[in-house]
Amino acid sequence: MRKPILLGAAALAGFAAFAADQATLDRGKKDADLACLPCHSLRLVQSQRLSRSAWNKELDKMTGWGCKMTDREAILEYLVANYGDDKPPSPPAMSKNGVPPPQRKQ
Amino acid sequence: MPYTRRRLFATLASAAAASQMARGADDGITIPGKRPMIVHNDRPEDLETPVRYFDTWLTPVEAFFVRQHLPRPSKIDPEAYRLNVNGMVAKPLELTLADLKKLPQFTVPATIECTGNGRAFHTPKVPGIQWMRGAIGNAEWRGPRVGDILKMAGANSSAAFIEVDGADTGVASTPDFVRSLPMNKAMHPATILALSMNGQTPDIHGFPARLIVPGWDGTSSVKWVIRISATAQAGTGFFMNPGYRYPKYALPPGTPAKPAELEVIEGMPVKSCIAAPEEQEKIAPGPLTVSGFAWAGENAIERVEVSTDGGSRWRDAQLSPQKLPFAWRLWSLEWRPADPGYYTLMSRATDTAGRVQPIVSPWNPSGYLWNAIDRVGIIVEKTA
């Protein structure tokens with residue numbers, strides 16, 4: 001009955017090959033912040049829920065638009081791990097009231 | 001809309017829930033001149049109108065959605081503003097705001113909707129601002145006709161398009177926001193260079209001068225317009241190609257489109273949304289008003305039907321009186337739920353050309369033109 005254990009070990013090894021380690025994810029977050037913030041807020045990134053291939057395409061598009069990425073692979077791993085299409089949608093954020101109260105007539 | 005005490009309590013509860021959610025999720029962003037809005041992006045501002053504000057035919061400026069592709073240009077001094085009209089014209093012009101105000105002024109009520117409104121409802125998910133129902137608003141826009149400006153410049157009869165550039169510019173190598181519009185739409189009497197909306201000139205909505213292309217996707221209505229050029233061909237910049245294109249042939253969801261089979265989006269489909277009650281709202285037993293809004297691009301709304309039982313039976317909603325092309329109609333239906341429990345409310349619009357809102361909105365890689373029959377789940381509570 002060794003076969004299932006071997007298969008399990010192989011599956012785990014396969015998983016390890018795809019799952020990024022915490023150091024990579026941390027580096028990816030730092031690099032993503034540096035790469036994205038010059039043009040837009042991070043909210044735009046964090047509200048997306050995309051597959052690995054869709055995130056990959058987004059990174060290609062942004063590179064084409066002059067985005068400088070120090071560690072592209074780490075950024076991709078960070079985005080997939082946190083904003084993948086298997087994650088629940090982010091709750092909508094609301095701004096505070098920016099309408100001044102009506103002025104009272106004297 | 002009749003506002004019963006019960007309904008008021010429900011609204012207060014809903015507002016409290018929204019405010020709770022806001023406290024949980026916001027990070028102190030305030031947009032000057034705007035009520036609390038759904039913030040998809042705060043730099044540049046991409047703001048969605050919460051559906052509870054959609055209870056008036058004209059959407060107040062303080063509640064109107066905001067879409068920006070590029071950082072907002074610094075505020076334009078009305079005295080220093082110039083509009084260049086050039087390209088295939090007999091007499092290139094450099095017009096001041098005073099020149100534009102001397103032309104005959106026209107008021108156009110029109111609903112402007114972001115091309116990607118409803119993107120969040122597409123499955124599989126697609127990249128882009130995850131708009132739900134509120135990247136839309138209806139306003140009275142006022143200004144000179146684009147046709148009059150082109151006539152003044154002596155636009156060449158062989159010019160088939162105009163190219164319109166706003167004062168906003170991209171960061172790094174981000175492409176500039178430049179759009180082309182076919183000449184026949186540019187010359188349409190309702191296509192104007194708006195100098196005000198609802199009598200106001202808010203910088204965040206593209207003033208002192210912005211294009212209004214009624215019935216077409218919001219992307220066509222370029223903000224902070226500083227150049228109009230008459231051209232022989234449509235522009236080829238990113239925001240014309242591949243941006244804002246739609247598959248010519250329907251695609252299996254999740255599959256890529258062939259670039260050669262993508263077409264520029266022009267008119268908009270027929271659509272309705274439910275504004276009240278809201279998704280997952282808890283309602284006390286008793287009579288209730290179901291209400292919302294419906295619009296149809298270049299057509300007018302003919303009919304809105306509402307179902308309170310998941311689409312089995314449909315009843316005609318009452319429509320607001322203004323039956324105009326380009327502008328939405330508000331609708332409402334009085335309803336008394338027979339029993340407590342969970343109800344699926346749905347709304348379905350039909351326009352003057354006979355187009356009917358579909359059950360399934362076609363998936364497309366950029367998530368444009370969502371127009372499926374709207375659907376909201378509510379809980380009618382038991383009597384205490």
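How many residues of chain A are in contact with chain B, and how many residues of chain B are in contact with chain A? In this predicted model, 25 residues of chain A touch 32 residues of chain B. On the side of chain A that faces chain B in this contact, helix H3 (43-46), helix H4 and strand S1 (93-94) each supply at least two residues. By class, that side of chain A has 12 nonpolar, 8 polar and 5 charged residues. Strand pairing also takes place between the two chains: S1(A) and strand S1 of chain B, residues 38-42, pair in the antiparallel sense over 2 bridges. Within this pairing, Ala93(A) has Val39(B) of S1(B) as its bridge partner.

The secondary structure of chain A consists of 5 helices and 1 strand, and along the sequence these elements follow the pattern α-α-α-α-α-β. Of the 106 residues in chain A, 24% are buried. When contacts in chain A between residues at least 6 apart in sequence are considered, 79% of them join residues at least 24 apart.

Helix H5 of chain A (residues 72-83) packs against helix H4 of chain A (residues 52-64) at an angle of about 135 degrees, and the axes of the two helices are 10 Å apart. H4(A) and H5(A) are therefore oblique to each other, and their crossing is right-handed. From H4(A), the residues Arg52(A), Trp55(A), Asn56(A) and Leu59(A) take part, and they meet Arg72(A), Ile75(A), Leu76(A), Leu79(A) and Val80(A) of H5(A). The contact of H4(A) with H5(A) comprises 6 nonpolar, 1 polar and 2 charged residues.

H5(A) also packs against helix H2 of chain A (residues 22-36), here at an angle of about 100 degrees and with the axes 7 Å apart. This angle makes H2(A) roughly perpendicular to H5(A). On the H2(A) side the contact is made by Thr24(A), Leu25(A), Arg27(A), Gly28(A), Lys29(A), Asp31(A), Ala32(A) and Ala35(A), and on the H5(A) side by Ala74(A), Ile75(A), Glu77(A), Tyr78(A), Leu79(A) and Ala81(A). The residues of the contact between H2(A) and H5(A) divide into 8 nonpolar, 2 polar and 4 charged. Ile75(A) and Leu79(A) of H5(A) are listed in the contact with H4(A) and also in the contact with H2(A).

In chain B, 5 strands form an open sheet with mixed pairing, in the order S16-S23-S22-S18-S19. Strand S16 (282-283) and strand S19 (315-316) of chain B stand at the edges of this sheet, each with a single partner strand, so one side of each has no neighbour in the sheet. Strand S22 (residues 341-351) and strand S23 (residues 374-380) of chain B are antiparallel to each other and pair over 7 bridges. One of the bridges places Ser347(B) with Asp374(B) in S23(B).

Another open sheet of chain B has 3 strands in the order S5-S6-S10, with antiparallel pairing. Strand S5 (105-113) and strand S10 (196-197) of chain B are at the edges, each with a single partner strand, so one side of each is left without a neighbour in the sheet. S5(B) pairs with strand S6 of chain B (residues 136-144) over 9 bridges in the antiparallel sense, and Phe106(B) stands opposite Gly143(B) in S6(B).

Strand S17 of chain B (residues 288-295) has 7 buried residues out of 8, so it is largely enclosed by the rest of the structure. S17(B) is joined by 5 bridges to strand S15 of chain B (residues 271-276), and the two run antiparallel; Ala276(B) stands opposite Ser291(B) of S17(B). S17(B) is also joined to strand S21 of chain B (residues 329-335), by 7 bridges and again in the antiparallel sense. In that pairing, Leu288(B) stands opposite Trp335(B) of S21(B).

Ala153(B) is found in helix H3 of chain B, which spans residues 146-153. Ala153(B) counts as buried because it has 22 C-beta neighbours inside 10 Å, where 20 or more are required. Apart from neighbours within four places in sequence, Ala153(B) is in contact with Val85(B), Val89(B), Lys91(B), Pro92(B) and Leu93(B). Between Ala153(B) and Trp328(B) the separation is 175 residues in sequence and 34 Å in space, C-alpha to C-alpha.

Note on methods
Residues are numbered from 1 along each chain as its sequence is written. Chains are lettered from A and ligands numbered from 1 in the order in which they are written. This is a predicted model: local features need pLDDT of at least 70, side-chain atom pairs count only at pLDDT 80 or more; totals for chains, interfaces and linings use all residues. Two strands pair if DSSP finds at least two bridges between them. Helices (H or I, at least four residues) and strands (E, at least two) are DSSP runs, numbered from the N terminus. A residue is buried if 20 or more other C-beta atoms lie within 10 Å of its own, exposed if 12 or fewer, and partly exposed in between; C-beta atoms are placed from the backbone. Axes are lines fitted to C-alpha atoms, for helices over the stretch in contact, and angles run from 0 to 180 degrees between N-to-C directions. Angles under 35 degrees count as roughly parallel, over 145 as roughly antiparallel, 65 to 115 as roughly perpendicular and the rest as oblique. A crossing is left-handed if the near helix is turned anticlockwise from the far one by less than a right angle, and right-handed if clockwise. Two residues are in contact if their C-beta atoms, placed from the backbone, lie within 7 Å. Ala, Val, Leu, Ile, Met, Phe, Trp, Tyr, Cys and Pro count as nonpolar, Asp, Glu, Lys and Arg as charged, and the others, Gly among them, as polar.
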